[in-house]
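Subject: Structure for your review

Dear colleague,

Please find below the structure I promised to hand over. My findings follow directly after it, and I would be grateful for your comments.

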Amino acid sequence: MSELENAVRTTVRDLADEAPPAHDLAAVARTRGRRIRRHRHAALGALAVVLVAATAMPYALLRRDPPAPVVDPAPAVSPVPSASAGALPDFSGDTPYQLPGGAVVTMLTKQVEVQEADGTIAPGDPGYVALDRTTGTYRQLDVTDPDLVPAPDGRTFAVMGLSGRVDVVDASGDRKARIDTRGSFTAYSGPQ
Amino acid sequence: MDAASGPVEVTVKQSLEDEFTVFVADRGQALLRIAYALTGDRGAAEDLVQGALAKAYARWPRIHSDAEAYVRRILYNDRASLWRRPGRRREVSVAEVPDRAGPGAHDEDVTERLALREALLALPARQRAVLVMRYLEDRSVEETAEALGCRPGTVASQASRALAKLRVSAGDRITELGGAR
């Protein structure tokens, strides 16, 4: 190591020694962290509503009865079609939930509330309920990461990680593969 | 979730809360040292650490087993991304302007360190982050690249450029110390 590097090392450590004492870091971090969670949950909820609406709307519209033959004078019709014409069935975890048109819901987010140490109720981490295609029933995943995308077969899930990495995990949260997206999409590790 | 799982969930949640509190108590000061070396400013350092801890808290159930590495990566990357935003100043304000030392061996040493410190704080955030990881935390090139999300070659070139800038910016006294290998 050169003398310049030694001098840099000393300078950096002198600078770090001047750091202020840590006060209330945990309390402030909790407050800001809960805000981040709330924003994330709100964004997820909005996304879920949009996805369900986008999925269900075309089927609901297609199921509507064909319009009556036009007679003269033409009867007044509502310009805005209503999605309520194709009412969705109640959700049950015992059978695959089928949307009008045959699409099956493979995963749902589940909001839970938890009790803090001081007794207050706060939003917890989002829970996930996924369809187990082998049994045809829904089950709670042992995965809490909010940035979760299910594979088409419902067996594995993509989790966005740090530094451009994507982890592929199963329903138990065990990592099955890691994809490094830094620079290119060619680097891949895990079972083929 | 059925009603019977409620108390279990509360217990797990409390356990994670306690774990977070212990982590911050144990490692908060070390993280603050890194943040201060990155920013050179008390307020900015505290804000940087609190922001990184907040992100860690929001994902704590997933990252708690490797929390320190996660928070460190957030610290370095947040600092670098903050610096990239338009309108950010490249210079760092110092709360107290240190007096220049007069002649003498000790004074020359102090002057040299002050010059080096000023030059260090004027480096781009990415280059300073590389130097802090390499010389404060004694991280290898590979570990630094891992934390910063770049390639080892990038770390080596950033370190080399940073040291070259320090030699030029800090003036003749630093130049006399010689160059990096």
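In this predicted model, the largest nonpolar core has 59 residues, of which Val8(A), Leu53(B), Leu131(B) and Leu166(B) touch the most other members. The element that gives the most to this core is helix H1 of chain B (residues 6–39), with 11 residues. Since domain 1 (1–87) and domain 2 (103–181) of chain B both give residues to the core, it lies between them.

Leu53(B) shows which residues meet there. Leaving aside residues up to four places away in sequence, Leu53(B) touches Leu25(A) and Ala29(A) from chain A, together with Phe20(B), Phe23(B), Val24(B), Leu31(B) and Val71(B) from chain B. Another core, of 9 residues, lies apart from the largest one; Tyr128(A), Leu141(A), Val159(A) and Ala171(A) are among its members.

I then turned to the aromatic residues. There are 3 aromatic pairs over all chains. In one of them, Phe20(B) and Trp60(B), the ring centres are 5.1 Å apart and the planes stand at 85°; planes over 60 degrees apart count as edge-to-face, so this pair is edge-to-face. Phe20(B) belongs to helix H1 of chain B and Trp60(B) to helix H3 (residues 60–63) of chain B, so the pair ties together parts that are 40 residues apart in sequence. Both partners fall under the 20% limit for burial: Phe20(B) is buried because its relative accessibility is 0%, and Trp60(B) is buried with a relative accessible area of 3%.

Phe20(B) and Trp60(B) also belong to one aromatic cluster, together with Phe23(B) and Tyr57(B).

Asp24(A) is not a glycine, yet its phi is positive, at about 55°. Asp24(A) is found in the loop between helix H1 (3–17) and helix H2 (25–62) of chain A, and with a relative accessibility of 59% it counts as exposed. In chain B, Asp138(B), likewise a residue other than glycine, has a positive phi near 55°. Asp138(B) lies in the loop between helix H6 (125–136) and helix H7 (141–148) of chain B; its relative accessibility is 45%, so it counts as partly exposed.

With kind regards

Note on methods: Residues are numbered from 1 along each chain as its sequence is written. Chains are lettered from A and ligands numbered from 1 in the order in which they are written. This is a predicted model: local features need pLDDT of at least 70, side-chain atom pairs count only at pLDDT 80 or more; totals for chains, interfaces and linings use all residues. Side-chain values use heavy atoms; hydrogens and water are left out. A nonpolar core is a set of buried Ala, Val, Leu, Ile, Met, Phe, Trp, Tyr and Cys residues joined through side-chain atoms within 4.5 Å. Buried means under 20% relative accessible area, exposed over 50%, partly exposed in between (1.4 Å probe, protein chains only). Helices (H or I, at least four residues) and strands (E, at least two) are DSSP runs, numbered from the N terminus. Domain bounds come from an automatic or database domain assignment. Contact means heavy atoms within 4.5 Å. Rings of Phe, Tyr and Trp (its six-membered ring) pair if their centres lie within 6.5 Å; planes under 30 degrees apart count as stacked, over 60 as edge-to-face and the rest as tilted.
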